[in-house]
Amino acid sequence: MKKEYLILIALILILGAYLLFHKENKDNYVLPKIVQIDISKITGLIIDKKQVSIKFIKKEKNWLLTDKEYLADLPSVENMLDTLKTLKLSALVSQKGDLKRYELDDKKHIRVKVLEGAKTIFEFTMGKPAPTFNHTFVMLTDNKNIYHANGSFRSYFDRAEDNFRDKKVLDFKKESIKRFTIEKDGLSKTLISKKIKKDGKDAFSTWNSEDGTSADKEVISNLLSSVSFLECEKYLDSPTKKSYEKEKPLCKIRLENESGIELTLFETDKEDIFKGISSMNDYVFALSQFNGKEIVSNIEKLLGISKKEKNKD
């Protein structure tokens, strides 16, 4: 019996010593400190994923994407820069190198390089968000440990190249347009805004065609609203904008303010898909079904093209 007590006491002492040693090691462990990055000095970002590398370059106030220098979506870039500015480790997760478990393996990880000129000033690798979605699993360069970083930010970096592009194809103040021309199916109409005065002051605006016929103010308002800040759904690699300028359009709108603005839409093999070119963008794009239909529908209403006439065609 005494022997069993001695064995039990010995086990308790060993376990106590282990727990004490483990606690001391844990308490004495210091997380690597990430030096705060001055994002104003960052001139480039490289995002490496499996078989894909996306590069951002800053030129003056703009961020450009890839060697083709597509204009990048500024809010998307700012999300990444804000993440880098506030990046902080909060806990040691693993020292066992279990990369696949945390999606830090070659198939799933995302590696981010931060550039100042040609120099890489910071680099880290991210895996999946933690189950709580309050942290992200990360690894630092020349460090095999896996850490928690504050915040769930993988979605800011885990995007296709096209989704990092600025999708804005038209951008102007609706109130700046005082005259515009629409064309479709061989019909054309120019509409002019006029201010009506009352007691010597501007009371309200009205829209008329060139021959003085009044136009539907609500339809005009809807049309201008739909194009004043227009984003495309995606860009098309071919054909080029120059080649499309020679094609017969489905419809066209020319807006006049301090600088002329033009939007041209083209038919495709699919009825609900609209390709387009804009004077404010250098590339051929595709509009969402909703945006394309809304623009075409309002143009048809203003030109007096009825559904019956469309069906005859």
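Which strand does β6 (residues 110-116) pair with, and over how many bridges? Strand β6 pairs in the antiparallel sense with β7 (residues 119-129), over seven bridges. Two strands count as paired if DSSP finds at least two bridges between them. Select Val114 to see one of these bridges: the partner in β7 is Phe122.

**Before going on**

This is a predicted model, in which local features need pLDDT of at least 70 and side-chain atom pairs count only at pLDDT 80 or more, while totals for chains, interfaces and linings use all residues. Residues are numbered from 1 along each chain as its sequence is written, and side-chain values use heavy atoms, with hydrogens and water left out.

**Whole chain**

Show the protein chain as a cartoon: it has seven helices and 19 strands. Helices (H or I, at least four residues) and strands (E, at least two) are DSSP runs, numbered from the N terminus. Of the 313 residues, 37% are buried; buried means under 20% relative accessible area, exposed over 50%, partly exposed in between (1.4 Å probe, protein chains only).

**The nine-stranded sheet**

Select β1 to β9. These nine strands form an open sheet with antiparallel pairing, in the order β4-β3-β2-β1-β6-β7-β8-β9-β5. The strands at the edges are β4 (70-71) and β5 (89-94); each has a single partner strand, so one side of each lacks a neighbour in the sheet.

Start from the β4 end. Two bridges join β4 to β3 in the antiparallel sense, and Leu64 has Leu71 in β4 as its bridge partner. Four residues lie between the strands of this hairpin, where Thr66 takes a positive phi near 65°. Next along, β3 pairs with β2 over four bridges, again antiparallel; Lys59 is bridged to Asn62 in β3. The hairpin of β2 and β3 has two residues between its strands, and Glu60 in the turn has a positive phi of about 55°.

Helix α2 lies across β1 (44-49), β2 (52-59), β3 (62-65), β6 and β7, and runs at about 90° to β1. The axes are lines fitted to C-alpha atoms, for helices over the stretch in contact, and angles run from 0 to 180 degrees between N-to-C directions.

**Ser94, in β5**

Go to Ser94, in strand β5. Ser94 is buried, with a relative accessible area of 9%. Its side chain reaches the backbone nitrogen of Lys96 at 3.1 Å. Leaving aside neighbours within four places in sequence, Ser94 is in contact (heavy atoms within 4.5 Å) with Tyr102, Asn145 and Ile146.

**β11, β16 and β17**

Select these three strands. β11 and β16 run antiparallel and are joined by six bridges, with Arg179 bridged to Glu256 in β16. β16 and β17 also run antiparallel, joined by five bridges, and form a hairpin with four residues between them. Here Cys251 has Leu265 in β17 as its bridge partner.

**The cores**

A nonpolar core is a set of buried Ala, Val, Leu, Ile, Met, Phe, Trp, Tyr and Cys residues joined through side-chain atoms within 4.5 Å. The largest has 32 residues, of which Phe180, Ile182, Leu223, Leu255, Leu263, Ile295 and Leu302 touch the most other members. Elements that each supply at least two residues of this core include α4 (217-228), β16 (251-256) and α6 (289-303). Centre on Leu263: not counting residues up to four places away in sequence, the residues it touches include Leu170, Val227, Phe285 and Ile295.

Finish at the second, separate core of 30 residues, with Trp63, Ala72, Leu89 and Phe157 among them.

How values were computed:
Polar contact = N/O pair within 3.5 Å; in protein donor to acceptor, adjacent residues only side chain to side chain.
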